[in-house]
Amino acid sequence: MIRIAPSILSADFGRLAEEVAAVAAAGADVIHIDVMDGHFVPNLTLGPLVVEAIRPVTDLPFDVHLMITNPDAFIEAFARAGADWISVHVETCPHLHRTINRIKELSKKAGVVLNPATPLTTLDFILEEVDYILIMSVNPGFGGQKFIPSALRKVSELKNILRTRGLEIPIEIDGGINLETIGAAVKAGAEILVAGSAIFGTENYAQTIKSLRQKALEVLTV
Ligand code: DX5
Ligand code: ZN
């Protein structure tokens, strides 16, 4: 199942609620929300208040990607604000098992995220616990960066590991996804495709989401 997740990082923040409503109406499956703290990543974005403010706009799942040090301190606030999925970077979690279980105790889907240089071996003892895995295909912090090709090998190796272990956990990919890269990402095994600038940088969101979906499905049917 292919899901397109527009990242609101590239939306017009002055009209954020309208932008979320627009991508929802344009056929998005998930709304990807990037939370940055200026410590773990060199940029600052938004907190639970903003998530709460845009929550009434759509029933689509809110996929909150926490790029913050000590995510444990904010998980509950984002859960209350309306997050449906919450993902944390393995690089920020010394007690990853506890953090993942905290998210699940709050009845939210729990995801783990790997930076481009972080190996898959870090997931070995947590795989059974997670609801989705997010592979970064850029260094987190900014929209509009170039896709890092080694992410494809990471996704396909992860897919093999999941298959071997009999786990059906969706793989999400984030960074540099556009009409040129989406096919390769899906071929490698990604099912949830985050795209920021590729969607919000265009005039017609519906047309762009449709084209992205088409490219993704094309790969699966050949
Ligand atoms: C990067 C963020 C991404 C970002 C992707 O740190 O996690 O979600 O919005 O932007 P694009 O799709 O423009 O690479
Ligand atoms: Zn993201």
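Around ligand 1 stand 20 residues, counted as near when one of their heavy atoms lies within 4 Å, and the closest of these 20 are Ser-7, Gly-141, Gly-144, Asp-174 and Ser-197. This is a predicted model, in which local features need pLDDT of at least 70 and side-chain atom pairs count only at pLDDT 80 or more, while totals for chains, interfaces and linings use all residues. Residues are numbered from 1 along each chain as its sequence is written, ligands are numbered from 1 in the order in which they are written, and side-chain values use heavy atoms, with hydrogens and water left out.

Consider next the polar contacts, meaning pairs of N or O atoms within 3.5 Å. An oxygen atom of ligand 1 lies 2.7 Å from an N or O atom in the side chain of Ser-7, and the side chain of Ser-197 has an N or O atom 2.5 Å from an oxygen atom of the ligand. The backbone takes part as well, with a polar backbone atom of Gly-176 at 2.8 Å from a ligand oxygen atom. The protein covers 99% of the 380 Å² of accessible area that ligand 1 has on its own, as computed by the Shrake-Rupley method with a 1.4 Å probe.

Which elements give two or more residues to the shell around ligand 1? They are strand 2 (31–36), strand 3 (62–67) and strand 8 (192–195), where strands are DSSP runs of E with at least two residues, numbered from the N terminus. Strand 2 gives the most, with three residues.

Definitions and conventions. A polar contact is a pair of N or O atoms within 3.5 Å; within protein, one must be able to donate a hydrogen and the other to accept it, and residues adjacent in sequence count only if both atoms are side-chain atoms. Helices (H or I, at least four residues) and strands (E, at least two) are DSSP runs, numbered from the N terminus.
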